[in-house]
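Let's walk through this structure together, beginning at the metal site and ending with the space around it.

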Amino acid sequence: MKSVAILGLLILVLFGVGCQSTQDPAQAVNALPVGDAERGSLLFQQSIGGAPTCASCHTLNDQRLTGPGLAGYGERAATTVSGQSAEVYTYQAIVRPAAHVVAGYSNIMYTEYSRKLNQQQIADLIAFLLEQ
Ligand code: HEC
């Protein structure tokens, strides 16, 4: 009985990993609609579908809360992960925060935004963040 449960778990894990690797973030970003920074600014302070607000963990200055302050973010996002554009890095930071954990922080960002936000909302947030 126990081994069946373990086998089931293994299949789930393998399936999960397989699904993730099929989604290339650069392709996902190309497929996004055009973002609107003003809407992104509102979304940043809003709870969507019961998710915590971005602003509960991030300031727009350099003050550190649970997450890093986002002053100067647009500039540093382009060079944080080599080979990744600012858009792709930001997309990953929102939908898959564990893909790159900012130095000096723990991997504790809310992980369900990929389910809670639609493509337009993700695009709007990216547009807003890259203006910081
Ligand atoms: C529960 C707290 C929490 C919430 C809520 C949260 N974040 Fe984060 N965020 C973090 C932490 C901690 C990090 C640093 C660790 C990491 O890289 O995952 C981070 C990292 C980031 C980064 C990378 C910053 C950098 O300097 O490279 C971006 C961009 C970001 N978050 C955007 C968002 C957006 C947009 C939202 C809302 C949709 C959000 N976060 C909600 C905690 C949070």
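Is Met109 buried, partly exposed or exposed? Met109 counts as partly exposed because its relative accessibility is 30%, where buried means under 20% relative accessible area, exposed over 50%, and partly exposed in between (1.4 Å probe, protein chains only). His58, at 15%, is buried.

A word on the model: it is predicted, so local features need pLDDT of at least 70 and side-chain atom pairs count only at pLDDT 80 or more, while totals for chains, interfaces and linings use all residues. Residues are numbered from 1 along each chain as its sequence is written, and side-chain values use heavy atoms, without hydrogens and water.

His58 (NE2) and Met109 (SD) are the protein donors of the iron atom of the ligand, 2.0 to 2.3 Å from it; donors are N, O and S atoms within 2.8 Å of the metal (3.2 Å for Na, K and Ca). His58 sits in the loop between helix H3 (37-44) and helix H4 (73-77), and Met109, 51 residues apart from it, in the loop between helix H5 (86-95) and helix H6 (113-116). Helices here are DSSP runs (H or I, at least four residues).

Now look at the largest pocket, which holds about 640 Å³ of space. On a 1 Å grid over the protein atoms alone, a pocket is an open set of points with protein on both sides within 12 Å along at least five of seven lines, where a 1.4 Å probe fits; lining residues have an atom within 4 Å of a point. Among the 31 lining residues, His58, Pro68, Ala93, Val102 and Met109 are the closest to the centre. H5 gives the largest share of the lining, four residues.

Technical notes:
Helix = DSSP H or I, 4+ residues; strand = E, 2+ residues; numbered from the N terminus. Points joined across faces, edges and corners; volume = space filled by probe spheres on them.
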